Amino acid sequence: MNLKSKNRGDIENQWQIVGSECRESPSDGTRIDATETRFSAWTPITNKACNHQLFQERTTLILHWFDLWTDRQRKEFILRLLRRCSKTQLKFTSDCLTEAVPITRLDFTAVLPRFLSLYIMSFLSPRDICAAAQVSWHWRFLAEQDCLWFPKCIRLGWFLRYCPSDHEYGAWKRHYVACAASLDILTPREAAGVYGTLNERLTAPEEQEERWRELMIKQTIRDKIAEHKKAVLKTRRAWINTSKLGTSFTGSIHNQPLTLTAALVHLGDKCSLKNSFPNVETIKSQGGLTISRTLENRYASSLVKTMSLPFNQPVRSTYCPLPHFLLVSSKVPGYELLLAAVHASVVVLPYDSQGMTLEALLSLAERAIQGRMLQSVGILAEGSTDEVILTQGLSITEKTVQMPRVREFWEKLCGWVVTASEGGSLNIFAPLASSVGGMDLMRKLSSMTGLNVRAPTGTCTGSFQHILSEWSGSSDFPPLMYLHEALLLSWCRQAEWIEEACKELRKHLEPQLHFLCQKIKGRILGLFLWDHIKMPVISIKSEIMECLLQGLVALMNETPDDAVDFLGRFLLKKSIKDGLKETEITSTNIINPIPEFSKGFISDADRRGGVCKELSDSERTYVRQLQAVATVYYTPLRAALDSNRAIISSVSLITIFCPLLDILEANNLFLIELQERLQEWGPLQCVGDVCVKFCTKLRAYTNFFNNYPTILKTIDKCRETHPVFRAFLKRHDWSVATRMQSLQELFLAPSARVEEYGTLLQALALHTPPEHPDYTMLSSASNTIMTYRNFIHKLKTSLNQDLKILEAQNTIQSCPNLSEGSRYLIITQEVALLTCLNGDITSSLRMYEHVSDLGLFLFNDALVLTEKIVSHVPFSLAAKTTHTFLASVALHCLNLKDITDTKYVQNAFQLESPKRQWICATDREEKNKLMSALCSAINAAITRN
């Protein structure tokens, strides 16, 4: 019982201690009023110090409870609290929330000036403008303004037959809807016939007077702008309220300084007329031509033209000649040399065709052109007689050129070029003019773009020498508009060799530079000796050797200052003394820019004869290369095998050389028959039957191409296992007898020759009239060769895809097998892996952290993600990059999401798989290229599945 009373006393003391915040304890002897409650939540109002102290302690207690509640309990408490607040308190809460969480969506028409809102809406299509008009009454008022519909009507040839009054509203929109309902579209000629305002030609005096008037107007404008700038600099304040630029202005330019934009707008408004825009009238006075009236009318007409043009129309400069634009694909062999040969006035755009899409290429071209007008566009990319390969996997032919995205690409690219009447042209560096399919493609491009489309006839064979042949549609030589002649000629002769050198330079650069330079010099010398001097048949006479020996002995005895001069004088005296015959050395040009037959074609018969001559000459050179393989390599190896001193085995010898010897036998017969026909050449001479007969022997080429990988593997294996064969190759490779080529390089000749056969036979069929007796046979042979060439292209593509997959397999560590089915590599890209630090807030305020670097390997059916690790080598600038397998995602399960640029992250995107997601970022150009490739691959994968 005592224990219970003791506990009750402790509790009472405890409550007294708690209640001492407001009053003294009864134990202190103080009397308690009868109106006070000992354990209440009473708040002293008069005692401010106690009031503030109790408020702080109870607030801390409530916040402590708030932290312990669940999310549902917190929301319920906030809702009850807001219901008890007054309107002023709710207003204060709203302001605080607005400051803490900024507004991310806002009606821009209520914030921006009206002219900026109209400028933004001008980029919308008519259908989108009509949809925007349904948002609100204010949006409808903006969407029906005449400045939006006026350019769209004028562009389609829909003109109002009256001038709308100032109070008439939406006249041009109603006119657009009425014309669209009846599809009343007028061509420029029809519009000129109805309204008489288009295609008006001026006489020479009128045109000269018009130019002089324009110069005077421009000078007046410059003076006005200069005066305005001076006035602004003298009277401007430390700050200017730019929000008033869109308001009306009625003062003078000189009295009230404005910004330059506002001054020009005011000048245009002042010069506009009330009801119509009459023609320019010239008023001659005592001092000359009055400028004021002309300036008003000119500004009025220019204001109409400016309103009628789209806002993103390219700007054409009248002070310098228009530049040319050249697209150079990375698939062009040795394109680095071409970039060095480009003229200074040419805008050149080199691009990587692998993984590139037409949309990304058009974006790069737009950034390079920067809104300027162009005189012409040149396309230097892979191609043949009937196709142009702009990007990987996209061949532009007469069938694919009508595809929507291809058509849109050509129309936008050629939209920056001046019209054909002003010299605008599209120049394609592929032999399209040498085949019927290529000519059809050129006609479709011409009708689509409205430009003069030109291409080489392709009657020159060799490494890209078709560029040097005659070009269609013009008397000038288009390549010289873009490239310097000397470098162009050098590149055309050695493009493939230069590409091999550039590949090695890109891979090894400095360690192999000296060796490759010597190799290129040797090849140039070997080409000259092979084509002109014919070193294998040179024999030095004994008397020449005696004269040289005597001159050297005399040189040793005399020891003159100039040894070369002394030796020359000695040989000259010796020749006069002994009566030796003088030899005239005729110097020939190493590089003949354009063959003789391509300089002055008169008729199709002459063109046909020139093509046949080129076919015979190139066939003779090709047979000489094949004979070099037989005489330099096969004959000595066969003789050593027959004499029981074999360098390689009989099986290896047959595997390496027999397929090529079969080709040599077939081409020898073809060359003999072709030369017999050319000796009796005439307008009715036929070579189609000879070509058809040769096409029946293409099985020798098929046998060679099917065994080509085995041949190369056999050569490599014999070189590794037989030191004698390795010494044999070292002795004979890159010699004059082999045209400074190795054995493996000579085995490339058949595939290159098949390409030349397609070009030459299509050119023959093109320049052979349908009524000619040889037309049917030539067409048959041309179709057979083209089919066979497509077969070789498929072999090359399949082999290249396998090599790329194998290279990716070796690059990625711990990677599963990538060689499955018809899989091929599209593009590889290195990106930065990001992580979001605060994903629960709005996207514009999210912050990201760079975690690591990733490598993306995009295939046609999957995306492989790897972790990229860069390690640096001590005492060197070199760095080693390794990739470790991270994940792989099937494309039909992959979701691609673009992340809007903010001040915290730029050029980011998100990859989502069913189980994981990755936030990546890269450069802007690389992102556009990668996003285009990913979207195309994902859509193709979804379509297949």
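1. F704 is buried, its relative accessible area being 1%; here buried denotes under 20% relative accessible area, exposed over 50% and partly exposed the range in between, with a 1.4 Å probe and protein chains only. The model is a predicted one, in which local features need pLDDT of at least 70 and side-chain atom pairs count only at pLDDT 80 or more, whereas totals for chains, interfaces and linings use all residues. Residues are numbered from 1 along each chain as its sequence is written, and side-chain values use heavy atoms, with hydrogens and water left out.

2. Aromatic contacts are taken next. Rings of Phe, Tyr and Trp (its six-membered ring) pair if their centres lie within 6.5 Å; planes under 30 degrees apart are stacked, over 60 edge-to-face, and the rest tilted. The count by this rule is 25 aromatic pairs. One of them joins Y701 and F705 in a tilted arrangement, with 6.4 Å from centre to centre and 35° between the planes. These two residues are four apart in helix α26 (residues 699–706), so about one helical turn separates Y701 from F705; helices (H or I, at least four residues) are DSSP runs numbered from the N terminus. Y701 and F705 are both buried.

3. F704 and F747 form a stacked pair, because their ring centres are 6.0 Å apart and their planes are at 10°. F704 belongs to helix α26 and F747 to the loop between α29 (743–746) and α30 (749–766), so the pair ties together parts 43 residues apart in sequence. F747, at 1% relative accessibility, is also buried. Ring pairs link a cluster whose members include F704, F747, Y701 and F705, together with F670, F694, Y708, Y757, Y788 and F791.

4. R823 lies over the face of F859, 5.9 Å from the ring centre. The criterion for a charge over a ring is NZ of Lys or CZ of Arg within 6 Å of the ring centre and within 35 degrees of the ring normal.

5. The count of salt bridges is 30, each being a side-chain nitrogen of Lys or Arg within 4 Å of a carboxyl oxygen of Asp or Glu. E408 and K412 meet in one of these, at 2.8 Å from N to O. Both residues lie in helix α16 (residues 404–413), four residues apart, about one turn of the helix. E408 is partly exposed at 40% relative accessibility, and K412 is partly exposed at 41%.

6. D440 and R443 form a salt bridge in which the closest N and O atoms are 2.2 Å apart. They are three residues apart in helix α17 (residues 436–449), about one helical turn. D440 is partly exposed, with a relative accessible area of 21%.

7. The salt bridge between E755 and R789 has its closest N and O atoms 3.7 Å apart. This pair links distant parts of the chain, with E755 in helix α30 and R789 in helix α31 (residues 775–811), 34 residues apart. E755 is partly exposed at 21% relative accessibility, whereas R789 is buried at 2%. Elsewhere, salt bridges with shared partners join R72, E76 and R80 into one network.

8. The structure has zero disulfides, a disulfide being a pair of cysteine sulfur atoms within 2.5 Å. The closest cysteine sulfur to that of C153 belongs to C179 and is 6.5 Å away, too far for a bond. C153 is buried at 0% relative accessibility. C612 is likewise in no disulfide, the nearest cysteine sulfur being that of C691, 7.8 Å away; C612 is buried at 1% relative accessibility.
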